Amino acid sequence: MHFFNFISVFLIPFVIFYIVVDALLYKKPVFELFIKGGKQGLLTVYHIAPTIIGLLVAVGIFRNSGALDMLCHFLEPVTKFLHIPSALLPLSFLKTVSASGANGLLFDIFKTYGTDSYIGFSASILLSCTETLFYTISVYYMSIQIKKSRWTIPVGIFIATCSLFISLYISKLFFQS
């Protein structure tokens with residue numbers, strides 16, 4: 001374990017040093033390239049900031065208004081039929097939009113059911129194997145100016161649904177043995 005700590009402490013400074021030395025050897029203007037990269041990064045943030053702010057506000061409104069709870073209550077017969085714990089459904093929905101909102105729900109699940117419970121274990125696996133679909137699509141597609149997402153959203157929703165069932169299956173394997 002000490003070996004990995006040693007590597008992590010020295011790896012980033014070494015990479016930075018390597019980049020600077022390589023640029024100097026090829027006689028490139030290191031500081032000008034650094035400033036140019038910083039400007040490009042700030043322009044990217046400028047272009048995607050409204051999308052990020054809009055998503056965060058929408059998630060806050062969706063969660064605090066009770067709409068998420070209403071949606072989960074509406075789908076309760078389906079979740080009972082498919083043997084999906086009701087606590088995981090809001091987590092599954094929210095993870096497709098916001099990682100921070102999903103983490104907040106995860107901590108609520110941990111407080112209610114415990115980290116070593118079937119539901120807590122399933123929730124941990126679910127958050128580990130899914131992506132913030134709509135956030136990622138909006139940020140990346142906005143940054144490269146793609147207007148049509150085509151099959152990205154339907155396939156992403158399908159994968160998120162598969163991830164829910166796979167996390168439940170893996171959790172059952174661990175809790176049966």
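Buried means under 20% relative accessible area. Keep that cut-off in mind for the first stop. The model on your screen is predicted.

**Stop 1: Thr130**

Select Thr130. You will find Thr130 in the loop between helix 7 (118-128) and helix 8 (133-143). Is Thr130 buried or exposed? Its relative accessible area is 14%, so Thr130 is buried.

Now show the neighbours. Leaving aside residues up to four places away in sequence, Thr130 touches Lys95, Ala160 and Ser163. Then turn to Leu126. Its backbone oxygen lies 2.8 Å from a polar atom of the Thr130 side chain.

**Stop 2: helix 8**

Move on to helix 8. Which residues of helix 8 are buried? Colour Leu133, Thr136, Ile137, Ser138 and Val139, which are buried there. Next, bring up helix 2, helix 5 (88-95) and helix 9. The buried residues of helix 8 pack against these three helices.

Follow the chain onward to Gln145. This residue comes after helix 8. The phi of Gln145 is positive, near 60 degrees.

**Stop 3: the aromatic rings**

Show the ring side chains. How many aromatic pairs does the structure hold? There are 4 aromatic pairs.

Select Tyr118 and Phe175. Their rings make an edge-to-face pair, 6.1 Å from centre to centre, with 90 degrees between the planes. The pair links distant parts of the chain: Tyr118 belongs to helix 7, Phe175 to helix 9 (residues 152-176), and they are 57 residues apart. Tyr118 has a relative accessibility of 23%, so Tyr118 counts as partly exposed. Phe175 is partly exposed too, with a relative accessible area of 39%.

Why is the pair of Phe121 and Phe175 edge-to-face? The ring centres are 5.7 Å apart and the planes stand at 75 degrees. Angles over 60 degrees count as edge-to-face, so this pair gets that name. Phe121 counts as partly exposed, at 26% relative accessibility.

Tyr118, Phe121, Phe174 and Phe175 form one aromatic cluster.

**Stop 4: the salt bridges**

Switch to the charged side chains. How many salt bridges are found in the whole structure? The search finds 2 salt bridges.

Select Asp108 and Arg63. They form a salt bridge, and the closest N and O atoms are 3.2 Å apart. This pair links distant parts of the chain: Asp108 is in helix 6 (residues 99-113), Arg63 is in helix 2, and they are 45 residues apart. Asp108 counts as partly exposed, at 34% relative accessibility. Arg63 counts as partly exposed as well, at 28%.

Now pick Glu76 and Lys80. Their side chains meet in a salt bridge, at 3.6 Å from N to O. Where do Glu76 and Lys80 lie? Both are in helix 4 (residues 76-81), 4 residues apart, about one turn of the helix. Glu76 is partly exposed, with a relative accessible area of 26%. Lys80 is exposed, with a relative accessible area of 59%.

**Stop 5: helix 1**

Go to helix 1 (residues 2-25) and select Phe14, which has its place there. Is Phe14 buried or exposed? Phe14 has 51% relative accessibility, so it counts as exposed.

Phe14 is part of a nonpolar patch. Select the other members as well: Phe3, Phe4, Phe6, Ile7, Val9, Phe10, Leu11, Val15, Tyr18 and Ile19. Together, the residues of the patch have about 1200 Å² of accessible area.

**Stop 6: across the model**

Finish with a distance. Select Ile35, found in helix 2 (residues 30-64). Ile35 is partly exposed, with a relative accessible area of 34%.

Key: Residues are numbered from 1 along each chain as its sequence is written. This is a predicted model: local features need pLDDT of at least 70, side-chain atom pairs count only at pLDDT 80 or more; totals for chains, interfaces and linings use all residues. Side-chain values use heavy atoms; hydrogens and water are left out. Helices (H or I, at least four residues) and strands (E, at least two) are DSSP runs, numbered from the N terminus. Buried means under 20% relative accessible area, exposed over 50%, partly exposed in between (1.4 Å probe, protein chains only). A polar contact is a pair of N or O atoms within 3.5 Å; within protein, one must be able to donate a hydrogen and the other to accept it, and residues adjacent in sequence count only if both atoms are side-chain atoms. Contact means heavy atoms within 4.5 Å. Patches are made of residues with over 30% relative accessible area and no salt bridge: like charges are joined within 9 Å, nonpolar side chains (Val, Leu, Ile, Met, Phe, Trp, Tyr) within 5 Å. Accessible areas come from the Shrake-Rupley method with a 1.4 Å probe; for residues, only the protein chains shown count as cover. A salt bridge is a side-chain nitrogen of Lys or Arg within 4 Å of a carboxyl oxygen of Asp or Glu. Rings of Phe, Tyr and Trp (its six-membered ring) pair if their centres lie within 6.5 Å; planes under 30 degrees apart count as stacked, over 60 as edge-to-face and the rest as tilted.
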